[in-house]
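Please keep the sequence and the model in view while reading.

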Amino acid sequence: MAAEAPGAAVERMLQEHRRAGGCMVVGYSGGADSSLLLALAVRHCPAGINLRALHVNHGLHAQSGDWEEHCRAFADKLGVPIEVVRSRIRAGRGIEDKARQARLRAFAGTDADAIVLAHHADDQIETFLLRALRGAGIRGLA
């Protein structure tokens, strides 16, 4: 069985979550995966959905400000409102978990009816956590 094309998958997902006046937030890191998702969401967004982007700037890298500006510019080019949440995390043990928790808090703080995220297929821990948050059972977490 052939894999579904990315554009068709995004369009199907948007249609499934469509609500009149509903709000859908795209988690936008500025990387290739979330840039493609945001562009496809804009292209396939049905009428009546309030589409927005959310970028979390952890301030962990010297280029964090550049990434934030890149995200703002790309969202502006697409005509998508973007919210930037700045989260200051101190470097040290467990920094990835702290950053992940900051992102989860940022998403929880939105008024979104649906939050859509893109990540590389090999990012298994993020996939596991997202499924766990959705209440997946053992089969869903496997």
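A residue is called buried when its relative accessible area is under 20%, exposed when that area is over 50%, and partly exposed in between, with a 1.4 Å probe and protein chains only. The model is a predicted one, in which local features need pLDDT of at least 70 and side-chain atom pairs count only at pLDDT 80 or more, while totals for chains, interfaces and linings use all residues. Residues are numbered from 1 along each chain as its sequence is written, and side-chain values use heavy atoms, with hydrogens and water left out.

**Cysteines**

By these cut-offs Cys-45 is partly exposed, with a relative accessible area of 24%, whereas Cys-71 is buried, at 0%. A disulfide is a covalent bond between the sulfur atoms of two cysteines. Taking a disulfide as a pair of cysteine sulfur atoms within 2.5 Å, a search of the whole structure finds zero of them.

**Salt bridges**

Side chains of opposite charge can pair when their charged atoms come close. A salt bridge here is a side-chain nitrogen of Lys or Arg within 4 Å of a carboxyl oxygen of Asp or Glu, and by this rule the count comes to four. The table gives some of them.

| Pair | N to O distance |
|---|---|
| Asp-111 and Arg-52 | 2.8 Å |
| Arg-72 and Glu-68 | 3.1 Å |
| Arg-72 and Glu-69 | 4.0 Å |

The salt bridge between Asp-111 and Arg-52 links distant parts of the chain, since Asp-111 sits in the loop between α4 (95-108) and β4 (114-116) and Arg-52 in strand β2 (residues 50-57), 59 residues apart. Helices (H or I, at least four residues) and strands (E, at least two) are DSSP runs, numbered from the N terminus. Asp-111 counts as exposed, at 53% relative accessibility, while Arg-52 counts as buried, at 17%.

How many residues apart are Arg-72 and Glu-68 in helix α3? Both lie in that helix (residues 64-78), four residues apart, about one turn of the helix. Arg-72 is partly exposed, with a relative accessible area of 31%, and Glu-68 counts as buried, at 4%.

Arg-72 also forms a salt bridge with Glu-69; these two are three residues apart in helix α3 and are therefore separated by about one helical turn. Glu-69 counts as partly exposed, at 47% relative accessibility. Salt bridges that share partners join Glu-68, Glu-69, Arg-72 and Arg-86 into one network.
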